[in-house]
Amino acid sequence: MNLTRLTVVVAGLLAALLAAPTARAQGLDRAGLIANLCGNAGAMGEAAAVLTGLAMSGDAADRAFAVPLARAVIDRKLACDDAGAVLTESGLDAVTRAPRAAAGEPRTPVLSLKNRATYEQVDAALALRAAPEAAQRAAALKTLERRPALIPEGLLDAAAASEPDAGLKADIETLAQTAALTAADPAARIRALARIADNPSRRALTQVSALTADPAYAASPEFRAAVDEATARIGRGIAVGDVLATAYNGLSFASILFMAAIGLAIIFGLMGVINLAQGELIMIGAYVTWLVQQGLRVVAPSLLDWYLVLAIPIAFVVTAAIGIALEASLLRHLYKRPLMSLLATWAVSLFLMNLVRVVFGTQNLQFETPFYVTGGVPVIGDFIFTWNRMFAIAFAVVTLALTWGLVRRTPFGLNIRAVTQNRDMAACIGIPTRRVDMMAFGLGSGLAGLAGLALSPIYSVNPQMGQNFIIDAFMVVVLGGVGTIAGTVVAALGIGQINVLIEPLWGAVAAKVIVLLMIIAFLQWRPEGLFAVKGRRK
Amino acid sequence: MNRFGRITHTAPIVHLIALIVLAALLMAGLAGTEFALSRYLANAIGQLAAFAVLAISLDLIWGYLGILSLGHGLFFALGGYLMAMYLLKHSFEITGTVPDFLQFMGWKEFPFYWDGFEFFPYALAAAVVITTLISGLFGYVSFRSRVGGVYFAIITQALVYVAMLLMFRNDTGFGGNNGMTGFTVLFGWPMGTSGMITALAVASLLVLAGVLAGCNWLVRSRFGALMLATRDDETRLRTMGYETLRLKLIVWCLSALIAMLAGMLYVPQVGIINPRVLSPELSLEIAVWVAIGGRGHLVGAVIGALLVNAVKFWLSFAAPEIWPFILSGLIVLVVLVFPNGLMDLAKFKLVRPMGAKRLAADMGEARP
């Protein structure tokens, strides 16, 4: 029996839901509305109220019906006759929207001064909800902005909810806050304060703190409490947002650092060689990404948005090939002379940088920003979760996972670890150490190329760009210890976060100075880095 | 070579010192006559001499101690900046010229730490003290924790890079990114005259000769033998009871002081100092001069610095854009074919044997 009852209730609810729009549509007495528009000042006021209601909550058909009416009244393009009214501009009957001419002696309703303002407002409200073009809606919003106190509560929220244009939507929301704060009804203002405090931002803080000068702040204790409460909540929100934003920027910087340093760390651990050309390999990775973009523009413009993804294998292969060539031609002869290999790799760095400068010029490259690295999601306060930084972070995480898998789970990785731990013993048991060196150098260089790809949506790309990352990347290697992935990750996170943390306080230069001093101090305690393999000091 | 691996033939270095002194005397003697060098040439010789002093400073620790510094530009710049401070303050005292950077920042007077820089002895003392302090502190913390090899090289590089970023700031009171320029008076004499240019060049040559003689004496002494021993096998030396920390620290500070001296000679001759002197590239270039000339040979360092910079001077007029390519080509050539730089040419009998047998290729470079 209970079940039957429930079914009946649900069915009833469904019926009510389905019937609701129809009921509302029937609720709008179109003929009555037109009659009121043609009536005296009082009737016209009632009509305005009906139209306002339509702008806020009526259904789409009714709103479309209402859109031309307020404008027609203002412009005196409404001809009232015995049968109702005609919109003279289009020559349509106001009620049925069938073409007809006004009969008899038509009368044009005249707006009183008070009603004129109301109708301007109503017209804008209707246009904001129902105009097809974004520009028209923006113009309507401008009109509404002039008298925020007259905007009916709820209109802007409804408009914001249905607004497809993101920029206009943000404007509408801002105006909604301003309007609610200046409303006449104190309860509405307090509600508005609570709503604003839900979305803390610096703009909201200025808006709310301006209210302490409002007469109501001194007069009404409730209002004062609400303002103070909102200020405190917004302040907290901003603080949380700032912390999150700093952490997020630090994380993205750390991702780039990690990508730049992981190749260095592998090579350094394996061969004791620091590759001063790593920065230029990063730069070449970015240039290859750009070339892929330019190539797609010519060959397959429809795929242009996906150039960042398509460039991944190409950037890796090109830079890895350069690395392998470098190892085979130059570094192979220098393993016993690591200091000379510093000079040799610097020569390569100089050569590559100037080659790129001669071929491509010194200007910054222009990159398309595909949709998946555009914009972001505002989270709290001024913290925006931007997709371009997320791209770098996700890229670094995937690279970390793949590199880790490669080093820990494949025969090649086993060889790399064996040679890193004891080159002579590895050679004795038949590991081709020279080939492992070459392939590992290729891997490290390829990772640098991927770093270049990952940072191209965030940083500017030019022949000198490698220099900006390389010294930080060296510091990551020094801090992390020789040839450990975990050390590189922790050191990159640490240096990235500390840099970003200090920067807003004392500036970027102070951040670099402090990071360097901290590393030098740290080396006093652990000269071999964070995650050095325990053993005899070499 | 004797059993310490020291070069026992004395001839080349004595010849070189004699040549330098002779050149200095000739320049001084001919000044004002029709045989005098052109201003440009005299100035170039003076600058080259300053670079040669800088190369010797690096060779002292890299060639004889096996420690590569990629941040020697820091000490060069220290000398340069403190000399420039003296020159500006001195010029201001005498002619009342207000330095550009003060006007640029809108400051009415020199910051307090410029006090006293109008006296050269004070500026010199400040340079010596500050250089010793910085190099001593950095050397102590690095050598104490036995940071060496590639680690040391890249940390020194980071040091000079950070110093460059610091000096690029305009609010430090050291000229910011425009640096310091507009020196008008030196020791009461107007600058930019032929006489002053010649005098500076002669002074640089004499300092070069002095530094060369002093370092030659040092590396031939018992102390020099310990330096080579540290380079070749530090662990063994420590096992035998020698304290290498103090030794390394002394040579490191001495090297920094020589680099500072080079900077003090350099700045009045080019008439400007700016943060680009602190760029990691310049510090790497110093290592390249030494590598090309031949590590572990004072003569080699001088010749390397003179050759590379002479080519650079010449190319900066003829074809500035190909200089990086030539430099990188030279480095690769030296690194792959002539590990001891020009000293390797001796074995092809292209130049007179300079007493150097080819040193072991892996001289003094243990894997980190």
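Predicted model: local features only at pLDDT ≥ 70, side-chain atom pairs only at ≥ 80, totals over all residues.
Helices are DSSP runs of H or I with at least four residues, numbered from the N terminus. A residue is buried if 20 or more other C-beta atoms lie within 10 Å of its own, and exposed if 12 or fewer do, with C-beta atoms placed from the backbone.

Helix α22 of chain A runs over residues 508-525 and has 18 residues. From first to last C-alpha it reaches 26 Å, close to the 26 Å expected at 1.5 Å a residue, where the expected span is 1.5 Å times one less than the number of residues.

Buried in α22(A) are A:Ala511, A:Lys512, A:Val515, A:Leu516, A:Ile519 and A:Leu523. They lie on the same side of α22(A) because they cover an arc of only 130 degrees around the axis, taken from the directions from the helix axis to the C-beta atoms. The face turned away from this buried side carries the exposed residues A:Ala521, A:Gln524 and A:Trp525.

## Where the chains meet

In all, 32 residues of chain A are in contact with 36 residues of chain B, contact being C-beta atoms, placed from the backbone, within 7 Å. On the chain B side, α6(B) gives the most, with 13 residues.

## Numbering and confidence

Residues are numbered from 1 along each chain as its sequence is written, while chains are lettered from A and ligands numbered from 1 in the order written. Local features need pLDDT of at least 70 and side-chain atom pairs count only at pLDDT 80 or more, whereas totals for chains, interfaces and linings use all residues.

Technical notes: Helix = DSSP H or I, 4+ residues; strand = E, 2+ residues; numbered from the N terminus. Contact = placed C-beta atoms within 7 Å.
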